Amino acid sequence: MSLSIDPALGQADILAIKRMIPHRYPFLLIDRVVNIDKGRSAVGIKMVTVNEPHFEGHFPIRPVMPGVMIVEAMAQTAAVLVVETLDLVGSEALVYFMSIEGAKFRQPVTPGDRLELHIAILRGRGKVWKFTGAAKVDGVLAAEAEFTAMIIPPDDKRLKD
């Protein structure tokens, strides 16, 4: 089952993503974000390749993407959604995990998979936001979680020395 991309909704390629979130290789875990419906939802896309450093040790005989990396990819997609929603592109705002709840891993994600990270905002007020995420490969649920994050604008005093 292929993801249907809605041209009426926002999209972010890798260059736009790098303007929205501070993550860089090897920890930038999304390649594209599509169907950005500001204040509601977005879908991140991760092309899983055997060249990623975690596969060297997880596991050499049968590479499997670590579950925590899948949840992190969900969070990066959520961060792009929040930055786009709040019009903070290029602001150097940071988004930090506060909690992860109900994480479940249903099937392995392996090199060659196209991982889709379906994110929806459950609550978004002020600096604290709550999301639900579902990671899918070929339309089949691979992982799911709810998570809470805090957005810190660059002028926030907590970021200063």
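Glu101, Lys130 and Glu146 are linked in a network of salt bridges (a side-chain nitrogen of Lys or Arg within 4 Å of a carboxyl oxygen of Asp or Glu).

Student: What kind of model is this?
Tutor: It is a predicted model, where local features need pLDDT of at least 70, side-chain atom pairs count only at pLDDT 80 or more, and totals for chains, interfaces and linings use all residues. Residues are numbered from 1 along each chain as its sequence is written, and side-chain values use heavy atoms, leaving out hydrogens and water.

Student: How many salt bridges does the structure hold?
Tutor: Six. In one of them, Glu101 pairs with Lys130, with the closest N and O atoms 3.4 Å apart.

Student: Is Lys130 buried or exposed?
Tutor: Lys130 is buried because its relative accessible area is 14%; buried means under 20%, exposed over 50% and partly exposed in between, with a 1.4 Å probe and protein chains only. Glu101 is partly exposed, at 35%.

Student: Which residue forms a salt bridge with Lys46?
Tutor: Glu52, with the closest N and O atoms 3.0 Å apart. Lys46 is buried at 5% relative accessibility, and Glu52 is buried at 9%.

Student: What about Glu116, which residue does it pair with?
Tutor: Glu116 forms a salt bridge with Arg114, the closest N and O atoms being 2.7 Å apart. Glu116 is buried at 5% relative accessibility, whereas Arg114 is partly exposed at 29%.
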